[in-house]
Amino acid sequence: PYPTYARLRREAPVYRSADGDFWALARHDDVSEAFRDNVRLSNSWGVSMDPLSYNENAEYAMSFLAMDDPRHLRLRKLVSKGFTPRRVSELAPRIQELTHQHWSRCLEMGEFDFVHDFAGLLPMDVVSELLGVGQSDRAHLRTQSDLLIHREEGVTDVPEAAIRAYVELHGFYTELLADRRKNPGDDLVSALIGAELAGDDGELTAMTDQEIIGFMMLMVVAGNETTTKLLANSVFWGHRSGGQVAGILDAVGAGADALEIVEDWVQETLRYDTSTQMLLRRVARDVEYGGRTIPAGDRVLLLIGSANRDEDVFGPDADQYRIGRDSSRTILSFGLGTHFCLGAHLARLETNIGLAEIARTVKSFEVDVAAAERVHSVNVRGFAALPMKVIA
Ligand code: HEM
């Protein structure tokens with residue numbers, strides 16, 4: 001998509017699709033502005049073109065991603081009381097263990113599919129860990145969450161299997177919540193049950209069951225596939241980085257701190273080829289971009305993937321994968337403003353730990369670029385299969 005993005009930035013930064021179905025913003029300043037404008041641009045119909053998640057009832061899925069302030073902010077504040085930076089940081093040793101388990105199996109094989117055998121496993125395990133889901137249920141949940149997001153190329157209807165998976169996951173989390181109400185523990189769900197916030201009248205309120213389940217579903221949708229794709233995109237571009245990642249592996253071999261040194265690798269992958277390529281907004285009140293008025297009721301795509309390659313922000317080499325460039329404040333991969341990704345810290349932590357484990361254990365790796373398979377998705381970019389081999 002990147003040549004198309006470049007053309008849009010140059011020729012049609014505020015683009016209207018030929019059938020008038022949607023608009024698209026391609027420049028970094030417009031996309032940033034759109035992320036911040038939660039008054040004229042609404043999340044309440046959902047944020048993806050996918051018909052399962054974009055409809056006038058999206059809000060009722062109880063995912064606060066599909067709500068506007070102040071309803072969104074109330075839930076985000078409540079969730080933030082349980083889903084704290086501390087809880088995430090404390091999970092690091094457990095993420096390290098899970099990483100080690102999955103990666104050891106890969107090392108034994110030597111040749112494997114990085115998505116199937118590693119990147120597709122870790123994020124859902126971490127979400128399950130947070131929610132306190134037992135080991136025996138995890139494989140089933142992972143399958144359901146894969147079915148939930150799987151789409152065939154060219155098919156616009158939501159597959160039956162995705163709807164069934166939604167119902168299945170919803171049922172599972174409903175039971176989990178009921179169990180936690182009876183037997184509270186020190187997991188995130190128990191913390192969410194106990195979270196309270198003073199309303200306008202000063203009365204304390206807590207989350208309803210539907211709101212807690214909505215958040216659990218949101219974690220599966222928002223935190224799972226995105227992180228899987230980031231891991232695999234990092235490995236793919238690492239392989240094609242013209243020796244930059246080989247340099248990282250050598251440095252780690254010579255004693256450099258692996259966790260620290262991989263941060264720039266993750267950061268550049270987030271910029272260069274991010275998992276969430278675009279998000280949708282519905283225009284609540286007429287809004288102007290680049291001198292054109294976008295009327296209330298229309299839909300606007302925020303092209304994150306394009307904004308992240310904007311030459312005006314990242315310079316003339318924006319189209320190059322250059323690990324170590326300074327982009328920490330300017331990438332839009334986790335959004336901006338009131339809906340800024342709540343799991344950004346966790347996503348970085350998981351990916352850093354994953355890549356650091358690779359850097360510590362292999363001398364080199366190679367991706368079979370010709371055999372790599374891309375996913376078909378409305379807004380997610382990454383691989384469904386990424387065959388690779390490692391030399392330990
Ligand atoms: C929101 C990206 C991982 C939880 C968002 C948004 C983006 C994003 C762009 C903003 C949506 C909008 O403005 O409409 C990513 C990427 C990830 C990632 C690229 C991985 C590489 C995670 C993880 C979790 C998570 C691991 C949690 C387990 C959330 C939640 C929201 C969100 C709860 C909604 C926040 C709100 O509406 O206030 N994410 N995310 N994400 N993300 Fe992430």
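Mentor: Start with the terms. Helices and strands here are DSSP runs, helices of at least four residues and strands of at least two, numbered from the N terminus. Also, this is a predicted model.

Trainee: Okay. How many helices and strands does the protein chain have?

Mentor: It comes to 18 helices and 14 strands.

Trainee: And what does the radius of gyration say about the protein chain?

Mentor: The protein chain has 21 Å. A compact globule with 392 residues would have a value near 21 Å, so the two agree. The C-alpha trace spans about 60 × 60 × 40 Å along its principal axes.

Trainee: What share of the residues is buried?

Mentor: 42% of the 392 residues count as buried. Take contacts between residues at least 6 apart in sequence: 70% of them join residues at least 24 apart.

Trainee: Switching to strands. In what order do the five strands of the open sheet run?

Mentor: The order is β1-β2-β10-β7-β3, with mixed pairing. The edge strands are β1 (14-16) and β3 (41-42), each pairing on one side only.

Trainee: What does mixed rest on?

Mentor: Strands of a sheet pair through backbone hydrogen bonds, either parallel or antiparallel. Here, β1 and β2 (residues 23-25) pair in the antiparallel sense over three bridges. In one of them, Arg-16 has Trp-23 of β2 as its bridge partner.

Trainee: Which helix packs on that sheet?

Mentor: Helix α2, residues 28-36. It touches β1, β2, β3, β7 (278-283) and β10 (299-303). The direction of α2 makes about 120° with that of β10.

Trainee: Now α13. Which of its residues are buried?

Mentor: Val-245, Ile-248, Leu-249 and Val-252, in a helix covering residues 244-253. Seen down the axis of α13, the buried residues fall within an arc of 95°, so they line one face of the helix.

Trainee: What covers them?

Mentor: The cover includes α12 (225-239), α14 (258-261), α15 (263-272), α18 (344-361) and β11 (364-367).

Trainee: What comes just after α13?

Mentor: Gly-255, which takes a positive phi of about 110°.

Trainee: Last topic, the ligand. Which residues come nearest?

Mentor: Gly-223, Thr-226, Gly-335, Cys-341 and Gly-343, out of 26 residues around the ligand.

Trainee: Which helix gives the largest share of that shell?

Mentor: α11, with four residues. α11 (209-223), α12 and α18 each supply at least two.

Technical notes: Residues numbered from 1 in each chain as written. Predicted model: local features only at pLDDT ≥ 70, side-chain atom pairs only at ≥ 80, totals over all residues. Pairing = 2+ DSSP bridges. Contact = placed C-beta atoms within 7 Å. Axes fitted to C-alpha atoms, helices over the stretch in contact; angles between N-to-C directions. Rg over C-alpha atoms; globule rule 2.2 N^0.38 Å. Buried ≥ 20, exposed ≤ 12 C-beta atoms within 10 Å, placed from the backbone. Arc of directions from axis to C-beta. Near = placed C-beta within 6 Å.
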